[in-house]
Amino acid sequence: MTGERGVSFTINRVAVVSIERPEAFADALRRLPDSVNKCVCCSRKIGRAPLETPAAILIADESDEMPLGIYSALCEACGSTKPKIEVIETWLTGLYDMYGGLDIPDMHAPGRA
Ligand SMILES: [Zn+2]
């Protein structure tokens, strides 16, 4: 690993923004990094255009003051068959294992304008 500059932010909260809330969803989709290009559950290709639009976007971040966050996408099939709480738990556990905690290093911050 190169370029690690310590903790960038700490996951304090998790949100699921579904397409049922169009305004919040459009906002989340705008911030979705290009690197997020598949469903977090089944790896189906979804993400920003030209890919298929996700049914929900998962966001783990610190606070409203801290713009950095980790994003994931959920496809329509998984969004309608899997309990959201289960999806979030699995996702968070994966993040926790990957980063060894909820402190997210700088190098993993998504590219934001
Ligand atoms: Zn899926």
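I took a residue as buried if 20 or more other C-beta atoms lie within 10 Å of its own, exposed if 12 or fewer, and partly exposed in between, with C-beta atoms placed from the backbone. By this rule, 22% of the 113 residues of the protein count as buried.

**Source.** The model is predicted; local features need pLDDT of at least 70 and side-chain atom pairs count only at pLDDT 80 or more, while totals for chains, interfaces and linings use all residues. Residues are numbered from 1 along each chain as its sequence is written.

**Elements.** I looked up the helices (H or I, at least four residues) and strands (E, at least two), which are DSSP runs numbered from the N terminus. The protein has three helices and five strands, and from the N terminus on I read their order as β-β-α-β-β-α-α-β.

**Contacts.** I counted two residues as in contact if their C-beta atoms, placed from the backbone, lie within 7 Å. Among contacts with a separation of 6 or more, 67% join residues 24 or more positions apart.

**Core.** I searched for nonpolar cores, meaning sets of buried Ala, Val, Leu, Ile, Met, Phe, Trp, Tyr and Cys residues joined through C-beta atoms within 7 Å. The largest has 20 residues, and Leu32, Cys39, Ile57, Leu58, Tyr71, Ala73 and Leu74 have the most contacts inside it. Strand E3 (56-63) and strand E4 (66-74) each supply at least two of the core's residues. In soluble globular proteins, nonpolar side chains tend to be buried together. I then listed the partners of Leu74 beyond four places in sequence; they include Cys39, Leu58 and Val87.

**Helix H3.** One of the 16 residues is buried, so H3 lies largely in the open. Gly100 follows H3 and has a positive phi, near 70°.

**Loop between H1 and E3.** I found Ser43 in the loop between helix H1 (22-31) and E3. Ser43 counts as exposed because it has 10 C-beta neighbours inside 10 Å. Ser43 and Cys75 are 32 residues apart in sequence, yet 8.8 Å apart in space, C-alpha to C-alpha. The phi of Ser43 is positive, near 65°, in a residue other than glycine. Pro50 lies in the loop between H1 and E3, and the peptide bond from Ala49 to Pro50 is cis, with omega near 10°. Most residues other than glycine have a negative phi, and most peptide bonds are trans.
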